[in-house]
Amino acid sequence: MRIGQGYDVHRLVPGRKLILGGVEIPFELGLLGHSDADVLTHAVMDALLGAAGLGDIGQHFPDGDPAYAGADSLVLLEQVGAKLAAAGWRLGNLDATVIAQRPRLAPYLPKMRDNLAAALSAASEQINVKATTEEGLGFTGAGQGVAAQTVALLLPWDG
Ligand code: MG
């Protein structure tokens, strides 16, 4: 088996959507980025690519490539799933944490989990998504951005 970890941060700004795990969350600020800036899905992709030894999302989906402007990160996650399968790996499980002071994310976590599972052709039971604040500390606590961390375990297809 193989493990990987992923970490990502995006800045919160006016005039952008807040999309986490493919769920559009009503909020007065959104995440800034070249794609849809889905920081959770980005951390998930980096954990999976890391576990497989396949680098990171910046190598597979470059920021400067117009093909990924406004990209739906769940579609990119599907492509990561295909790359894993091609390399002989399948998801064991993954566990993700979104770090945001506001808004309250608990009501949206089950849908994020289901979206991530669907994109990976996995069962929701293989995926856990949770959220925490940082008690007002640091850039996340100040509401300047949202961070996400993920750990993922991969298993060989024939294992
Ligand atoms: Mg990102």
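Predicted model: local features only at pLDDT ≥ 70, side-chain atom pairs only at ≥ 80, totals over all residues.
I take helices (H or I, at least four residues) and strands (E, at least two) as DSSP runs, numbered from the N terminus. I number residues from 1 along each chain as its sequence is written, and side-chain values use heavy atoms, with hydrogens and water left out.

**Fold.** I find five helices and seven strands in the protein chain, and along the sequence they follow the pattern β-β-β-β-α-α-α-β-α-β-α-β. The radius of gyration, taken over C-alpha atoms, is 15 Å, close to the 15 Å that the globule rule (2.2 Å times the number of residues to the power 0.38) gives for 159 residues, so the protein chain is as compact as a globular protein of that length.

**Packing.** I looked up burial (under 20% relative accessible area, 1.4 Å probe, protein chains only), and buried residues make up 46% of the 159 residues.

**Metal site.** The protein donors are D8 (OD), H10 (NE2) and H42 (ND1), which lie 2.1 to 2.2 Å from the ion. The pair H10, in strand β1 (residues 2-13), and H42, in helix α1 (residues 39-52), links distant parts of the chain, 32 residues apart. I checked both histidines for burial, and H10 and H42 are buried.

Methods
Buried < 20%, exposed > 50% of the residue type's maximum accessible area, 1.4 Å probe, protein only. Donors = N, O, S within 2.8 Å, 3.2 Å for Na, K, Ca; no water.
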